[in-house]
Amino acid sequence: MEHPELTGIFRELVDANKKFVLTTHVNPDGDGLGSELALNRFLNKLGKQSVILNHSETPSNHTFLDYDNEIRTFDPGKDAGLILEADVLIALDMNNPGRLRSLEKYFLESRAKKVIIDHHLEADDFVDYQLIDLDSPATAEIVYRCILAYGPHLLDKRIAEGLYTGIMTDTGSFRFPRTDGEVHRITGHLLDLGVDPFYIYHNIYEENSLGRTRLLGEMLSNVGLAYDGRVSHAVITLEQLKRNDVVPDDVDNFINQAGAIAGVVVTLFFLELEDGVKISFRSKGDIPVNELAKLYGGGGHKNASGARLTGVKLDETVRKVLAETGRILPK
Ligand code: 5GP
Ligand code: MN
């Protein structure tokens, strides 16, 4: 989809400013990380001062992409000045300031122009410019269009690797419903620029630890079904994480395995954290799991949402959420 307005705002922001800070949400994924790396490489290529400051460390399966160590984990003591003195702050793949965690306070305080580039529903009103396309399969696809409109000659392999990672991960490796011909045309362009699809996929999905593989087995052995087999639910406890030496970021895609069951239209995944529970929601077809996520202060997309609850017990949370799930199931 063409968006002359969105790409025009992007061009003006780039041309009129010098110092940029880029960031993405807590527990970043391939789309957040790939988008910010691509944008950082583009801005640096133009001679801009641009840095990436993230609340979370980069998950281990994405560190290969940051081969020049462009991503810094935010340290308020050292880095707050960068945010406060920037000309432009760009938050990628997120639309709610709480997801900035330790950066939130400085982001909101800064007098910089504030921008989000995103594709999630229901953005909070906390920035000057919302470069949002709800139909876009990935934030990286919006960044691609912005850079392409700015100057196609600027796209190169380094930028393309970030963009490809964002599009590949957010489309579930080119299979989710928003994967259309345009996604493949863009991807084709990125491959022409030198991206190696095996290298990216392999690093992200096929370099797991033995503990992670075994933990997936444990989780799958205990998947439960509810509502006449229409809802599947899976749980991972802190004890399981510790025993298998797995960090919460490493179980990102487990929910898809728990949902790959005939007849299942909604899947719930509960991950016990030190201070609460993270819930992931997935659905097939016209079932708005974001409505469910919203009940718990979360959000996301119609078919993929999440929420994080603090100070709650795992068992109780599972029971409650399962009971609420009936509301969004078709009669
Ligand atoms: P996941 O379950 O993979 O963590 O997240 C699925 C989708 O829900 C993602 O698009 C993500 O942005 C969104 N999401 C996950 N957790 C939260 C949350 O705590 N708050 C909001 N607003 N969105 C979330
Ligand atoms: Mn995304």
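Reader: In which strand is the place of S280?
Author: This is a predicted model, where local features need pLDDT of at least 70, side-chain atom pairs count only at pLDDT 80 or more, and totals for chains, interfaces and linings use all residues. Residues are numbered from 1 along each chain as its sequence is written. Strands are DSSP runs (E, at least two residues) and helices are too (H or I, at least four), numbered from the N terminus. S280 sits within residues 276-283, which form strand β10.

Reader: Does S280 count as buried or exposed?
Author: Buried means under 20% relative accessible area, exposed over 50%, and partly exposed in between (1.4 Å probe, protein chains only). S280 has 8% relative accessibility, so the label is buried.

Reader: Which residues is S280 in contact with, leaving aside neighbours within four places in sequence?
Author: Contact means heavy atoms within 4.5 Å. By that rule, the partners of S280 are I255, T267, L268, F269, S305 and G306.

Reader: Why does L241 count as buried?
Author: L241 lies in helix α10, residues 238-243. Among the residues that L241 touches are L215, V251 and L271. L241 counts as buried because its relative accessibility is 3%.

Reader: Which residues are the protein donors of the manganese ion (ligand 2)?
Author: Donors are N, O and S atoms within 2.8 Å of the metal (3.2 Å for Na, K and Ca); water is not among the atoms, so sites may look incomplete. Here the donors lie 2.1 to 2.4 Å from the ion. In sequence their spacing reads D-x61-D-x25-H-x50-D. They are D31 (OD), D93 (OD), H119 (NE2) and D170 (OD).

Reader: How many residues apart in sequence are the parts that H119 and D170 tie together?
Author: H119 is in the loop between β5 (113-118) and β6 (129-132). D170 is in helix α6 (residues 157-170), so the pair ties together parts whose separation in sequence is 51 residues.

Reader: At what angle do helix α5 and helix α7 pack?
Author: Axes are lines fitted to C-alpha atoms, for helices over the stretch in contact, and angles run from 0 to 180 degrees between N-to-C directions. The axes of α5 (residues 139-150) and α7 (residues 181-192) are 12 Å apart. Their angle is about 65 degrees.

Reader: Which residues make the contact of α5 and α7?
Author: Helix α5 brings E141, Y144 and L148. Helix α7 brings I186, H189 and L190.

Terms used
Chains are lettered from A and ligands numbered from 1 in the order in which they are written. Side-chain values use heavy atoms; hydrogens and water are left out.
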